Amino acid sequence: MKAVLCKSFGLPDSLVLEEIPTPTPQADEVLIKVFACGVNFPDLLIIQNKYQFKPALPFSPGGEVSGIIEAVGEKVKHLKIGDCVVALSGWGGFAEQLVVKSNRVFSLPPGMDFINGASTLYTYGTSYHALKDRAQIKPGETLLVLGAAGGVGLAAVELGKTMGANVIAAASTNEKLSICKEKGASHLINYSTEELRTRIKEITRDQGVDVVYDAVGGKLAEQALRSTAWKGRYLVVGFTTGEIPQFPANLPLLKGCSIVGVFWGSFAEREPQQSLQNLSELLSLMKTGQINQHIYKVYSLEDASHTLKDLMERKVIGKAVVKVGNWKDEPTQIKGQLSERRNKTDQPAKPLNIKLSDINKYVGQSLAVSEWCTITQEMINEFAHATQDNQWIHVDVERAKSEMPGGKTIAHGYLTLSLAAKFLFELLHVEGATTSINYGLNKARFPVAVTSGSRIRMTGKIANVEEIIGGYKIFIDCKMELEGEEKPACVGEVITAVY
């Protein structure tokens, strides 16, 4: 296979394209045929031996890929050959194939192509974690984004707007700032021609900003910290200038502000359940069109070194992507070619839209398959509190680590079943109905336990319809699929009344 190799540490021009042997996945790994690889600032650092992770020479840069699984290790159960996936490899992505730990591989979101699939996780994952988990930003607060036209910066602008913040975008050119405005920035600062602190005072009427998102570092860092409001949060995301700032310790004291580190990669490994929940929320925002990656340019594998050079020279606005191979098919066509190896219900379809007056005509009609839903520990705790079922197998995370299979708590079966209502809203739309009620349950069984962090989804069919005063009872045979398991998490017949 072909791979772009870093054989000695240096700048992008030192990279070489060579033929190397195809790797073989270990027991907990998968082999991915790479279709695209996102380009990120850590790629530039890692080839210069300036990154916190230091792979042995020779290696390929590229830590964010999309593609199709070609082989799986014997311990991998939730992925299979032919799956379209995205993966966070750390490095190795500037190649035709690579192996990745299976816990760093995720299904390609429905409707997303390979180019966008390879350019989304790092930028939006980092920025969402920064704003949601670290800054805990609130609607109405003011957010300053430094380096706002870069990959993570532009994602922060867009997410900040979506989360209700008043966004100030700061970048080095008017061209970059025009993209930031399109993504939702309310105010723009060109720090090549304007004095940062002066403009912040003007925009905030000398109140300062609530949150600073800094992926740049360098000389602007202290100015931004001095521009925070009382109890502001300064997010340390990265240092694209190459200069790590040194702050006077009296600044956070005088302002009552916090300097908060953001290390998304470590967060995803240490807190996988919360990371999966964040990813699920991001996919929902993408599905509804509230966020959308800005692709600067698509490069070939042969031009991969030029990609990093453009990144180093600050030419890239948004995200650059390396396309691997000469594929021309749309992802949906590629998936169709693999249909013999994939379940036909593997991709969510459009919901069934029916009129209330015609509901009897749909008895026996199969429903589509819903989106995946991650069962978080927070959901399990809330359900246990509501039902007063506080058995340790559900809520005691530390004890579960030592005594439960896989070291995880398990969700109550009825928590799984309770999500049927959520899934039905995705799968069935009844025009003319103003009210729906979870009417009852005829039968249910739970073949496989659902552990915290698992993903489930639902499909089913309309088994029967009965007329009631003012509406109808719909009997639905439903099946909850558990990712990575052949047996379902739950099967049952639920009854919904619509009026």
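## Helix α3 and the residue after it

Q136, which follows helix α3, has a positive phi near 50 degrees. Helices (H or I, at least four residues) and strands (E, at least two) are DSSP runs numbered from the N terminus. The model is predicted: local features need pLDDT of at least 70 and side-chain atom pairs count only at pLDDT 80 or more, while totals for chains, interfaces and linings use all residues. Residues are numbered from 1 along each chain as its sequence is written, and side-chain values use heavy atoms, with hydrogens and water left out.

Helix α3 spans residues 121–134 and is mostly covered, with 12 of its 14 residues buried. Buried means under 20% relative accessible area, exposed over 50%, and partly exposed in between (1.4 Å probe, protein chains only). Among the buried residues are L121, Y124, H129 and D133.

## The five-stranded sheet

An open, antiparallel sheet of five strands runs in the order β17-β20-β21-β22-β19. The edges are β17 (373–374) and β19 (436–445); each has a single partner strand, so one side of each lacks a neighbour in the sheet. Strands pair if DSSP finds at least two bridges between them. β17 and β20 (residues 455–468) are joined in the antiparallel sense by two bridges. C373 has I456 of β20 as its bridge partner.

## W91

W91 sits in the loop between β5 (84–88) and β6 (97–101). W91 is partly exposed, with a relative accessible area of 33%.
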